[in-house]
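Student: Can we go through this one together? I'd like to start with the strands.

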Amino acid sequence: MIRPAAGHRGRMIVLEGAEGVGKTTQAGHLAAALREADAPVVIVREPGATWLGEKIRGLLLDARVDIEPPAEAFLFLAARAQLMSDIRDHLEAGTTVVADRFFLSTYAYQIAGRGLPADLIQSANQLAVGGFKPDLTLVLNFPVHEGLGRKGNGGRGPDRIEQASAAFHESVAAAFQEFLTPEWQRAHPECGPVAGVDATGTEAAVARKVIATVTEWWPSLFESAPLLG
Ligand code: T5A
């Protein structure tokens with residue numbers, strides 16, 4: 001258990017998007033910029049970040065494992081439910097949580113991609129997160145085929161989800177675009193604010209765009225941080 005610090009609750013900032021758009025890379029840059037600004041920060045990834053979550057991640061990404069779509073959804077949600085206690089502890093301690101994917105990925109992959117019923121998955125997700133919503137979710141926009149082409153996986157070949165059809169990945173990418181519309185966000189208050197970031201360009205250029213977008217929400221957050229080169 002993390003001891004709560006005096007002061008304010010931390011923020012949860014989520015990086016989302018389709019395969020290989022640069023979420024993990026940008027989570028690192030964002031966390032580094034926050035540390036430069038003296039903000040305590042942790043990075044969590046989904047699925048994963050807990051002992052149970054990492055075990056579940058191994059199953060979910062193993063290309064040799066056959067998993068039915070509802071079972072896949074329950075596995076992602078189980079990993080998330082386990083992680084929520086850590087996230088709440090960090091936020092109560094005043095730590096900013098940078099999440100490499102969160103529940104918009106379930107909306108995009110399991111609802112739009114796999115075609116599972118939206119109402120059932122959204123209700124089950126609420127059970128997993130206990131009504132929690134992130135303070136800000138950034139969707140990184142990058143061409144879907146280029147993103148898939150970026151992923152090397154250490155020569156192991158595509159994982160179980162990457163090896164899904166091109167149509168599946170197009171549906172996922174289209175869902176992330178829909179999440180950016182005001183109409184969709186009005187209909188889904190449980191997701192909190194969602195903003196898009198153009199993820200084309202160098203790592204440093206994208207990092208500047210991510211930080212600029214976060215600064216629109218919290219103008220003083222990076223005041224003491226040096227500009228990224
Ligand atoms: N999933 C997840 C669900 O189906 N439902 C859910 O509810 C959840 C939570 C997770 C899988 O699970 C699915 C989605 C995924 O299929 P994962 O390996 O974590 O698996 O998948 P990704 O999140 O897609 O992870 P990646 O790490 O592969 O992609 P990223 O994080 O988007 O990209 P990143 O930063 O690793 O970069 C990929 C490569 O591009 C380079 C990097 O160096 C790296 O080599 N790169 C750049 N190159 C040039 N210019 C830039 N600006 C670059 N940025 C990064």
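Student: Which residue in β4 is the bridge partner of I13?
Tutor: L136 is the bridge partner of I13 in β4. Keep in mind that this is a predicted model.

Student: In what sense do β1 and β4 pair, and over how many bridges?
Tutor: The pairing of β1 (residues 12–16) with β4 (residues 136–141) is parallel and runs over four bridges.

Student: And what is the strand order of the open sheet?
Tutor: Its five strands run β2-β3-β1-β4-β5, with parallel pairing. The edges are β2 (41–45) and β5 (194–198); each has a single partner strand, so one side of each is left without a neighbour in the sheet.

Student: By how much are neighbouring strands turned against each other?
Tutor: On average by 25°, with direction ignored.

Student: Which strands does α9 touch?
Tutor: Helix α9 (residues 203–217) packs on the sheet and touches β1, β4 and β5. The direction of α9 makes about 155° with that of β5.

Student: OK, helix pairs. At what angle do α1 and α9 pack?
Tutor: About 60°, with the axes of α1 (residues 23–36) and α9 10 Å apart. That angle makes α1 oblique to α9.

Student: Is that crossing left-handed or right-handed?
Tutor: α1 passes α9 in a right-handed crossing.

Student: Which residues meet there?
Tutor: From α1 they are T25, Q26, H29, L30 and A33. From α9 they are E203, V206, A207, V210, I211 and V214. By type, the contact of α1 with α9 has seven nonpolar residues, three polar and one charged.

Student: Now α2 and α3. How far apart are their axes?
Tutor: 8 Å, and α2 (residues 51–61) packs on α3 (residues 69–92) at an angle of about 160°.

Student: Why do they count as roughly antiparallel?
Tutor: The cut-off for that label is over 145 degrees, and the angle of α2 with α3 is about 160°. The two helices are therefore roughly antiparallel to each other. As for handedness, α2 passes α3 in a left-handed crossing.

Student: What does α2 bring to that contact, and what does it meet?
Tutor: L52, G53, I56 and L60 of α2 meet E72, L75, F76, A78, A79 and Q82 of α3. In the contact of α2 with α3, seven residues are nonpolar, two polar and one charged.

Student: How do α3 and α5 pack?
Tutor: α3 and α5 (residues 118–129) make an angle of about 30°, with their axes 8 Å apart. That makes α3 roughly parallel to α5. On the α3 side the contact uses A73, L77, R80, A81, M84 and R88, and on the α5 side I121, A124, N125, A128 and V129. Eight of the residues in the contact of α3 with α5 are nonpolar, one is polar and two are charged.

Student: Backbone geometry next. Which peptide bond is cis?
Tutor: The one from E46 to P47, with omega near -10°. P47 lies in the loop between β2 and α2.

Student: And what is the phi of D38?
Tutor: Near 65°, a positive value in a residue other than glycine. D38 is placed in the loop between α1 and β2.

Student: Why flag those two?
Tutor: Because most residues other than glycine have a negative phi, and most peptide bonds are trans.

Student: Last one. What pLDDT does the chain average?
Tutor: The average is 93, and 93% of the residues score at least 70. Over residues 1–6 the pLDDT is below 50, and that stretch has nine contacts in the model beyond near neighbours in sequence. Where pLDDT is low, the predicted coordinates should not be read in detail.

Terms used: Residues are numbered from 1 along each chain as its sequence is written. This is a predicted model: local features need pLDDT of at least 70, side-chain atom pairs count only at pLDDT 80 or more; totals for chains, interfaces and linings use all residues. Side-chain values use heavy atoms; hydrogens and water are left out. Two strands pair if DSSP finds at least two bridges between them. Axes are lines fitted to C-alpha atoms, for helices over the stretch in contact, and angles run from 0 to 180 degrees between N-to-C directions. Contact means heavy atoms within 4.5 Å. Angles under 35 degrees count as roughly parallel, over 145 as roughly antiparallel, 65 to 115 as roughly perpendicular and the rest as oblique. A crossing is left-handed if the near helix is turned anticlockwise from the far one by less than a right angle, and right-handed if clockwise. Ala, Val, Leu, Ile, Met, Phe, Trp, Tyr, Cys and Pro count as nonpolar, Asp, Glu, Lys and Arg as charged, and the others, Gly among them, as polar. pLDDT is the predictor's confidence in each residue, from 0 to 100.
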